[in-house]
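Trainee: I'm new to this one. Could you walk me through how to read it?

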Amino acid sequence: MGHKSNPIGLRLQINRTWDSRWYAEGRDYAGLLKEDIEIRKYIVDTLPQAAISKVVIERPAKLCRISIYAARPGVIIGKKGADIEKLRSKLAKMTDSEVKLNIVEIRKPEIDAKLVAQGIADQLVRRVAFRRAMKRAVQSALRLGAEGIKITCGGRLGGAEIARVEWYREGRVPLHTLRANVDYAEAEALTAYGIIGIKCWIFKGEIMAHDPMAQDRLMMEAQTSGVRPAR
């Protein structure tokens with residue numbers, strides 16, 4: 001049997017941190033965790049066109065600060081900020097805390113694992129050839145500065161009777177190196193033949209310092225400068 005570890009869970013507190021950042025004791029924990037799950041599900045389900053990568057939830061003292069990382073922030077904000085106000089009021093009903101929304105633009109969606117996996121899933125639903133979709137994603141990621149990428153597709157590929165797994169890898173993807181900044185995500189494509197699962201690993205270089213907030217900091221620097229962060 002394979003003993004596979006999630007690349008994100010393996011690197012928690014080494015070079016990345018949790019997407020839910022708060023502390024609760026006793027009975028409060030379960031309620032807040034349920035709120036987080038519902039908030040994330042609502043945001044992703046209601047804004048499929050916004051290309052949302054991740055939703056970070058922080059809860060400092062009776063405040064619920066929600067940061068939405070998206071490739072198309074204009075879809076969330078809407079004309080003159082009308083849509084974002086609707087979203088804030090809807091989210092405020094889901095939690096007892098005061099809600100504060102923060103929209104972060106992802107300048108390079110081609111090297112974000114979640115968006116790459118979701119992009120391939122959308123193409124498979126539109127009946128694009130799976131090999132072409134995977135190769136195109138690999139080339140785009142390497143062109144925009146990724147040091148390595150691996151993509152795996154599993155299921156009834158091309159409508160075949162027997163399910164199988166196919167994968168492509170370019171560059172280095174060092175899964176055992178804990179200092180490696182490896183972004184990982186999964187997506188599902190609901191095709192006519194059944195569900196096809198997509199996994200994506202993107203290696204963005206090594207983080208030498210022991211810094212749990214390193215990945216967030218690198219992402220924020222890349223947004224503000226518009227260039228690939230130096231390591």
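Trainee: How many bridges join β7 to β8?

Mentor: Before I answer, this is a predicted model: local features need pLDDT of at least 70, side-chain atom pairs count only at pLDDT 80 or more, and totals for chains, interfaces and linings use all residues. Residues are numbered from 1 along each chain as its sequence is written, and side-chain values use heavy atoms, with hydrogens and water left out.

Mentor: Strands (E, at least two residues) are DSSP runs, numbered from the N terminus, as are helices (H or I, at least four). Two strands pair if DSSP finds at least two bridges between them. Here 11 bridges link β7 and β8, and the two run antiparallel. A hairpin connects them through 2 residues, and E186 sits opposite K199 in β8.

Trainee: Is β7 mostly covered or uncovered?

Mentor: Buried means under 20% relative accessible area, exposed over 50%, partly exposed in between (1.4 Å probe, protein chains only). In β7, 9 of the 12 residues are buried.

Trainee: Which residues have the most contacts inside the largest nonpolar core?

Mentor: In soluble globular proteins, nonpolar side chains tend to be buried together. A nonpolar core is a set of buried Ala, Val, Leu, Ile, Met, Phe, Trp, Tyr and Cys residues joined through side-chain atoms within 4.5 Å. The largest has 25 residues, and I120, I151, I198 and C200 have the most contacts inside it. Elements giving it two or more residues include α5 (113-125) and β8 (194-206). A second, separate core has 18 residues, among them I39 and L101.

Trainee: Why does S97 count as buried?

Mentor: Because its relative accessibility is 18%.
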